[in-house]
Amino acid sequence: MIENKKYSNKYNFAFIDESTKKEIRRKLLKAVAIPGYQVPYSSPEMPISRGWGTGGLHVSLALIGRDDIFKIIDQGSDASVNACNLREFVQMMTHCKVTFDTTEATLIQSRHRITEEVLKANQLFVFQVPQPEPLRGVERYENKTRQMHGEADYAKMWVSLYESFVRYGDIMLGAGYPVKVNDRYIMAPSPIPRWDVPNLNQSEALFLFGAGREKRLYVVPPHTKVEPLEFEDVKFDIERFLGKSCYRTGSGKAFLDELFLDDGSKQFVVNDSNYLDKLAAGNPVRQHVNKYLNTIQS
Amino acid sequence: MGYIAVKGGTDAIHNARELVEFYRLKKAVKPIEIEQIRSQLRLSIDKVMGEGGIYATEYAALAIKQMEGDVFEAAFVLRAFRATLQRKFYSETINTREMFVKRKISASFREIPGGQILGPTRDYIQRMLDTAKAIETKEDVETFLAGFAAHIDPAKLADIAHFDKVIDLLKKEGLLQPVGNDEDTTLKDITREAIKFPAPRSARLQMLARAETGGLMALGYSSMRGFGSVHPTVGELRYGAVPVRVKDRLGRVRYIGSIEVTEAEMISEYKAKSKKAIPYYSIGYGLCFGQNDTKAICMGILDRAMRSPEGNSPSNDQEFVLYHTEGIESMGFTNHLKLPHYVTFQSGLNNVRAAIERNAAAVPPSTINPSVIIPSLQPV
């Protein structure tokens with residue numbers, strides 16, 4: 001007898017079918033081998049909207065194992081609505097343990113932030129990427145940007161930085177500041193603030209980038225050189241909060257959110273929600289170390 | 001603190017899910033049956049199946065019900081469902097000459113083999129709001145069906161067969177542009193690999209077949225109206241059922257069912273670059289699930305337009321057309337603007353404040369132009 005399975009669709013572990021997971025892993029290996037190079041991949045549709053973290057999910061779900069401990073943040077927060085939705089989805093499809101604790105997690109997916117706490121060698125860090133092409137602002141055609149990367153022809157990019165300086169007195173790039181990886185490819189670090197950009201350099205952890213809608217994967221392997229684009233005399237700098245500090249913890253050495261309160265006053269608060277909780281509870285934290293952060297008193 | 005209140009995110013999304021379900025059901029009326037949607041919202045289903053990229057009328061009806069009739073969302077649900085199904089076979093190429101034709105028209109010739117068959121179309125109705133439909137009953141439906149059946153002559157039904165195609169006439173006369181070697185005939189599966197540009201025609205047509213009807217229409221219309229040069233003639237537009245076959249593991253070709261498709265073959269004059277070239281006709285091709293004349297016609301226009309990439313009109317530009325008519329991706333990204341962006345915004349804000357301060361320091365206060373707007377160079 002033929003069994004009627006019409007409405008009893010069962011999902012595979014981690015949702016994605018095994019052959020597609022294999023494909024994603026193969027493409028990620030290629031991306032590890034060529035740091036900063038964008039590898040096209042199939043990017044099947046997910047039950048999550050395009051542009052809402054599908055690329056990050058592809059990477060996370062292709063790599064997650066039953067023993068992984070999963071953390072997901074959106075704009076630094078574990079409790080952001082989209083992060084909650086994706087966390088629930090991953091948990092439903094894998095039954096993996098989930099956590100808010102940055103140090104406990106083995107797989108961290110993030111939209112637009114690197115955790116304030118330093119990452120370790122056993123951690124995978126997955127970025128959700130809206131626009132993987134750092135040259136898109138200066139060249140609209142995909143087949144041309146691929147060629148420019150192939151020939152390491154980054155003149156247009158440099159000229160745009162120069163023009164920005166001439167016009168406005170500084171390089172006006174905010175989040176998603178372009179970087180050069182391993183002295184070769186210019187890469188979009190996803191729209192992380194400049195605050196996080198130096199933390200990509202020579203990290204212990206493996207950084208994986210998934211751009212679902214644009215169907216590209218790329219990687220910054222551990223211990224890889226990542227430099228923000230800058231001139232000899234016009235330097236990259238992180239966001240400066242100019243003596244402002246977190247109203248809850250007093251910390252001025254963390255990326256801060258600007259809050260407009262009901263009484264019209266303005267306050268600042270540590271953006272990374274887990275870091276904030278730890279600071280507020282007086283728990284020990286180990287922050288990233290880089291030459292920019294070193295100039296700030298904690 | 002708005003919608004990221006520290007530990008409330010999960011509660012908030014659960015409540016929102018429940019509330020939207022309440023909105024779907026709050027009037028406590030009888031739930032619409034899938035069969036009703038399937039038979040009475042036929043054209044919505046055709047759109048949803050086309051954009052969802054799966055031929056499954058029942059699931060399309062389910063998706064429409066689940067999403068309260070939002071066809072974008074319904075197509076998205078269907079596409080996501082489709083992605084969980086393993087591709088076990090590739091079908092043999094379907095042959096529209098085998099079509100059981102329900103509708104077949106040509107605008108290029110007065111008479112075509114088999115004649116013009118209007119079939120089921122609302123092209124020639126007066127678009128007046130039919131208030132009688134407000135009180136339509138089961139009995140009305142039955143009366144209509146009985147009356148309809150009464151004037152069908154069963155003896156004539158056997159005559160309906162397969163019809164030759166209009167382009168065969170043009171081909172026989174040698175009017176069509178011969179297919180040259182400059183066309184990339186590589187076969188791609190866009191569901192298994194990312195599209196690369198310039199894309200072969202197979203990938204372009206697949207993208208168009210899953211594209212959003214409204215998006216195709218906007219670009220197809222732009223090409224006809226003046227932002228492009230394709231003003232084609234409908235060589236043939238046909239709608240009907242075609243058999244689908246796959247090759248089994250032993251290499252035998254097996255019939256697995258039939259699907260309904262609309263096919264458009266749009267004739268346009270081929271504009272040759274060199275002066276001495278012969279002015280052949282060329283065909284723009286469109287094929288989509290179900291009955292969707294608009295989509296098939298616009299596909300045909302855009303297929304033709306994209307084969308002349310030298311134009312500087314949006315419709316001639318592969319990357320422009322294919323990336324931006326992909327409804328599920330464009331809807332997702334458009335809506336992602338609703339996600340919090342305060343970190344990225346803060347980063348830009350930091351730059352803008354610094355620039356304004358620099359400006360203030362450089363010029364006397366009275367001459368500061370408040371309209372100096374500093375754009376962010378990087379789209380986020």
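Reply:

**From one loop to the core**

A:N122 sits in the loop between β4 (107-111) and β5 (124-128) of chain A. The model is predicted. Is A:N122 buried or exposed? A:N122 has 11 other C-beta atoms within 10 Å. The cut-off for exposed is 12 or fewer, so A:N122 counts as exposed. Now take A:D153 for scale. A:N122 and A:D153 are 31 residues apart in sequence. In space, their C-alpha atoms lie 35 Å apart.

Next, helix α5 of chain A. This helix covers residues 155-168, 14 residues in total. At 1.5 Å a residue it should span 20 Å. Its end C-alpha atoms are 20 Å apart, which agrees. After α5(A) comes A:G169, with a positive phi near 85°.

Turn to the interior. As a rule, nonpolar side chains in soluble globular proteins tend to be buried together. Here the largest nonpolar core has 109 residues. Those with the most contacts inside it come from both chains: A:F207, A:L208 and A:F209, together with B:V48, B:A60, B:A74 and B:L302. Helix α11 (residues 293-306) of chain B gives the largest share of this core, eight residues. Domain 1 (2-82) and domain 2 (96-122 + 133-331) of chain B both contribute residues, so the core lies between them.

Leaving out residues up to four places away in sequence, B:V48 touches B:A60, B:A63, B:I64, B:V71, B:A74, B:A75 and B:L78. There is also a second, separate core, of nine residues. Among them are A:W195, A:A254, A:L256 and A:L276.

Now the contact between the chains. 47 residues of chain B are in contact with 55 residues of chain A. On chain B, α1 (9-25), α5 (71-82), α13 (327-335) and α14 (342-362) each supply at least two residues of the touching side. The largest share comes from α14(B), with eleven residues. By class, this side of chain B has 23 nonpolar, 16 polar and eight charged residues.

Last, chain B as a whole. Its secondary structure comes to 14 helices and four strands. Its C-alpha atoms fill a box of roughly 90 × 70 × 55 Å along the principal axes. Of the 380 residues in chain B, 29% are buried. Among contacts in chain B with a separation of 6 or more, 63% join residues 24 or more positions apart.

Definitions and conventions:
Residues numbered from 1 in each chain as written. Chains lettered and ligands numbered in written order. Predicted model: local features only at pLDDT ≥ 70, side-chain atom pairs only at ≥ 80, totals over all residues. Contact = placed C-beta atoms within 7 Å. Nonpolar A, V, L, I, M, F, W, Y, C, P; charged D, E, K, R; others polar. Expected span 1.5 Å × (residues − 1). Core = buried A, V, L, I, M, F, W, Y, C linked by C-beta atoms within 7 Å. Buried ≥ 20, exposed ≤ 12 C-beta atoms within 10 Å, placed from the backbone. Domains from an automatic or database assignment.
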